[in-house]
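Subject: Structure for you to look at

Hello,

Here is the structure I said I would pass on, with my notes below it. Please read the notes with the model open.

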Amino acid sequence: MANYIVVGLNEEKFALPITDIQEIIKDMPITEIPAARAHVKGVINLRGTIVPVIGLRSKFRMMESHTTAASRIVIVQTPEGEPVGLYVDRVEQVAFFSEILPTPDGIGGAQAGNLSGIGKINDQLVSILHLPSILNTGGGQ
(Lines give C-alpha, C1' and ligand atoms only; values in the text may rest on other atoms or scores of the structure.)
Protein backbone atom coordinates (compact mmCIF):
# COMPACT_ATOMS: atom_id res chain seq x y z
CA MET A 1 0.00 0.00 0.00
CA ALA A 2 1.25 3.47 -0.83
CA ASN A 3 0.50 7.03 0.04
CA TYR A 4 -0.98 9.25 -2.63
CA ILE A 5 -1.22 12.96 -3.32
CA VAL A 6 -4.80 13.96 -4.14
CA VAL A 7 -5.16 16.72 -6.74
CA GLY A 8 -8.28 18.44 -8.02
CA LEU A 9 -9.57 19.31 -11.48
CA ASN A 10 -12.94 21.04 -11.35
CA GLU A 11 -14.83 19.15 -8.66
CA GLU A 12 -13.15 15.85 -9.48
CA LYS A 13 -10.35 14.34 -7.42
CA PHE A 14 -7.43 12.36 -8.77
CA ALA A 15 -4.52 10.71 -6.99
CA LEU A 16 -0.88 10.12 -7.86
CA PRO A 17 1.44 7.77 -5.94
CA ILE A 18 3.60 9.98 -3.74
CA THR A 19 6.68 8.01 -4.85
CA ASP A 20 6.14 9.27 -8.43
CA ILE A 21 6.26 12.93 -7.41
CA GLN A 22 9.53 14.83 -7.49
CA GLU A 23 8.09 18.12 -6.21
CA ILE A 24 5.06 20.40 -6.29
CA ILE A 25 5.54 24.01 -7.34
CA LYS A 26 3.36 27.08 -7.55
CA ASP A 27 2.11 28.19 -10.93
CA MET A 28 4.76 29.98 -12.96
CA PRO A 29 4.96 31.43 -16.47
CA ILE A 30 4.60 28.72 -19.11
CA THR A 31 6.06 29.28 -22.57
CA GLU A 32 3.77 27.91 -25.26
CA ILE A 33 5.26 25.66 -27.92
CA PRO A 34 3.87 26.14 -31.45
CA ALA A 35 2.23 23.03 -32.96
CA ALA A 36 2.45 21.07 -29.68
CA ARG A 37 -0.27 18.57 -28.84
CA ALA A 38 -3.38 20.17 -27.35
CA HIS A 39 -2.70 18.85 -23.84
CA VAL A 40 0.87 20.22 -23.74
CA LYS A 41 0.58 23.67 -22.17
CA GLY A 42 4.21 24.48 -22.94
CA VAL A 43 7.49 24.47 -21.05
CA ILE A 44 8.85 26.01 -17.87
CA ASN A 45 12.40 26.78 -16.76
CA LEU A 46 12.80 24.92 -13.48
CA ARG A 47 16.15 25.90 -11.99
CA GLY A 48 17.83 25.77 -15.40
CA THR A 49 16.04 22.65 -16.65
CA ILE A 50 13.44 22.99 -19.42
CA VAL A 51 10.38 20.99 -18.30
CA PRO A 52 7.34 20.27 -20.49
CA VAL A 53 3.98 20.85 -18.77
CA ILE A 54 0.91 18.73 -19.50
CA GLY A 55 -2.47 20.29 -18.76
CA LEU A 56 -4.52 17.52 -17.19
CA ARG A 57 -7.75 19.36 -18.02
CA SER A 58 -6.86 19.22 -21.74
CA LYS A 59 -5.62 15.64 -21.45
CA PHE A 60 -9.01 14.62 -20.02
CA ARG A 61 -10.96 16.86 -22.41
CA MET A 62 -12.30 19.05 -19.62
CA MET A 63 -13.18 22.69 -20.13
CA GLU A 64 -10.24 24.95 -19.32
CA SER A 65 -10.51 27.32 -16.38
CA HIS A 66 -8.67 30.36 -15.14
CA THR A 67 -5.52 30.02 -13.12
CA THR A 68 -6.05 30.60 -9.40
CA ALA A 69 -3.79 30.99 -6.39
CA ALA A 70 -4.32 27.27 -5.75
CA SER A 71 -3.09 26.16 -9.21
CA ARG A 72 0.01 23.96 -9.03
CA ILE A 73 2.46 22.12 -11.26
CA VAL A 74 3.23 18.61 -10.00
CA ILE A 75 6.69 17.55 -11.20
CA VAL A 76 6.99 13.84 -11.97
CA GLN A 77 9.57 11.86 -13.94
CA THR A 78 9.25 9.81 -17.09
CA PRO A 79 10.58 6.23 -16.98
CA GLU A 80 13.71 7.67 -18.64
CA GLY A 81 14.19 10.05 -15.70
CA GLU A 82 13.11 13.24 -17.50
CA PRO A 83 11.01 15.71 -15.48
CA VAL A 84 7.48 16.53 -16.67
CA GLY A 85 4.99 18.92 -15.06
CA LEU A 86 1.32 18.08 -14.57
CA TYR A 87 -0.81 21.22 -14.34
CA VAL A 88 -3.65 20.87 -11.79
CA ASP A 89 -6.24 23.19 -10.26
CA ARG A 90 -5.15 22.40 -6.72
CA VAL A 91 -3.30 19.93 -4.50
CA GLU A 92 -5.64 18.78 -1.75
CA GLN A 93 -4.08 16.25 0.59
CA VAL A 94 -1.99 13.18 1.21
CA ALA A 95 -4.15 10.06 1.29
CA PHE A 96 -3.79 6.37 2.04
CA PHE A 97 -6.26 4.00 0.40
CA SER A 98 -6.80 0.80 2.35
CA GLU A 99 -8.50 -0.65 -0.71
CA ILE A 100 -8.10 0.21 -4.39
CA LEU A 101 -10.88 -0.98 -6.65
CA PRO A 102 -10.29 -1.76 -10.33
CA THR A 103 -11.44 0.75 -12.91
CA PRO A 104 -14.89 -0.38 -14.09
CA ASP A 105 -15.12 -1.95 -17.55
CA GLY A 106 -16.94 0.19 -20.06
CA ILE A 107 -15.91 3.48 -18.43
CA GLY A 108 -14.80 4.72 -21.87
CA GLY A 109 -14.02 8.36 -22.49
CA ALA A 110 -10.75 10.22 -22.41
CA GLN A 111 -9.89 9.09 -18.90
CA ALA A 112 -10.31 5.31 -19.23
CA GLY A 113 -6.72 4.37 -20.14
CA ASN A 114 -5.31 7.01 -17.80
CA LEU A 115 -6.64 5.38 -14.62
CA SER A 116 -5.17 2.49 -12.66
CA GLY A 117 -7.95 2.19 -10.11
CA ILE A 118 -10.41 3.90 -7.80
CA GLY A 119 -9.67 4.78 -4.18
CA LYS A 120 -12.07 5.99 -1.52
CA ILE A 121 -11.73 8.84 0.98
CA ASN A 122 -14.65 8.82 3.41
CA ASP A 123 -17.59 8.53 1.00
CA GLN A 124 -15.87 10.17 -1.98
CA LEU A 125 -14.30 8.22 -4.83
CA VAL A 126 -10.87 9.26 -6.12
CA SER A 127 -9.54 8.22 -9.53
CA ILE A 128 -5.96 6.97 -9.33
CA LEU A 129 -3.94 8.15 -12.31
CA HIS A 130 -1.85 5.71 -14.34
CA LEU A 131 1.23 7.86 -14.82
CA PRO A 132 2.73 5.96 -17.80
CA SER A 133 -0.47 6.59 -19.80
CA ILE A 134 -0.61 10.25 -18.76
CA LEU A 135 2.99 10.78 -19.87
CA ASN A 136 2.55 8.96 -23.18
CA THR A 137 2.61 11.93 -25.55
CA GLY A 138 3.01 9.78 -28.60
CA GLY A 139 -0.60 8.58 -28.70
CA GLY A 140 -3.84 10.48 -29.17
CA GLN A 141 -5.21 12.80 -26.55
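N114 sits in the loop that connects β8 and β9. This is a predicted model, and every remark here should be read with that in mind. The relative accessible area of N114 is 6%, so the residue is buried. Leaving out residues up to four places away in sequence, N114 is in contact with K59, F60, I128, L129, H130, S133 and I134. N3 lies 111 residues from N114 along the chain, and the C-alpha atoms of the two are 19 Å apart.

L129 is one of the contacts of N114, and L129 has its own list of neighbours. With residues up to four places away in sequence again not counted, L129 touches F14, A15, L16, P17, L56, F60, N114, L115, S116 and I134. L129 also belongs to the largest nonpolar core, which has 20 residues. Those with the most contacts inside this core are F14, L56, F60, V74, V76, L86 and L129. At least two residues of the core come from each of β1, β2, β6 (72-77), β7 (83-88) and α2 (131-135).

V7 shows both pairings: its bridge partner in β8 is V91, and in β2 V7 stands opposite F14. Y4 stands opposite P17 in β2. Six of the seven residues of β1 are buried, so the strand is largely enclosed by the rest of the structure.

β1 and β2 form a hairpin with two residues between them. N10 is in the turn and has a positive phi of about 55°, although N10 is not a glycine. Most residues other than glycine have a negative phi. At 33% relative accessibility, N10 counts as partly exposed.

R47 is another case of a positive phi, about 50°, in a residue that is not a glycine. R47 is placed in the loop between β4 (40-46) and β5 (49-55). Its relative accessibility is 65%, so R47 counts as exposed.

The other sheet I noted is also open, with five strands and mixed pairing, and its order is β3-β6-β7-β5-β4. β3 (21-26) and β4 are at the edges with a single partner strand each, so one side of each has no neighbour in the sheet. The twist here averages 30° from one strand to the next. β5 and β7 run parallel and are joined by three bridges. In β7, G85 is the bridge partner of V53.

Last, the aromatic residues. How many aromatic pairs does a search of the whole structure find? There are two. In one of them, the ring centres of Y4 and F97 are 5.1 Å apart and the planes are at 45°, so the pair is tilted. The pair links distant parts of the chain, with Y4 in strand β1 and F97 in the loop between β8 and β9, 93 residues apart. Are Y4 and F97 buried or exposed? Y4 counts as buried at 9% relative accessibility, and F97 counts as buried at 1%. There is also a charge placed over a ring: K41 lies over the face of Y87, 4.7 Å from the ring centre.

Regards

Conventions
Residues are numbered from 1 along each chain as its sequence is written. This is a predicted model: local features need pLDDT of at least 70, side-chain atom pairs count only at pLDDT 80 or more; totals for chains, interfaces and linings use all residues. Side-chain values use heavy atoms; hydrogens and water are left out. Two strands pair if DSSP finds at least two bridges between them. Helices (H or I, at least four residues) and strands (E, at least two) are DSSP runs, numbered from the N terminus. Buried means under 20% relative accessible area, exposed over 50%, partly exposed in between (1.4 Å probe, protein chains only). Contact means heavy atoms within 4.5 Å. Rings of Phe, Tyr and Trp (its six-membered ring) pair if their centres lie within 6.5 Å; planes under 30 degrees apart count as stacked, over 60 as edge-to-face and the rest as tilted. A charge sits over a ring if NZ of Lys or CZ of Arg is within 6 Å of the ring centre and within 35 degrees of the ring normal. A nonpolar core is a set of buried Ala, Val, Leu, Ile, Met, Phe, Trp, Tyr and Cys residues joined through side-chain atoms within 4.5 Å. Axes are lines fitted to C-alpha atoms, for helices over the stretch in contact, and angles run from 0 to 180 degrees between N-to-C directions.
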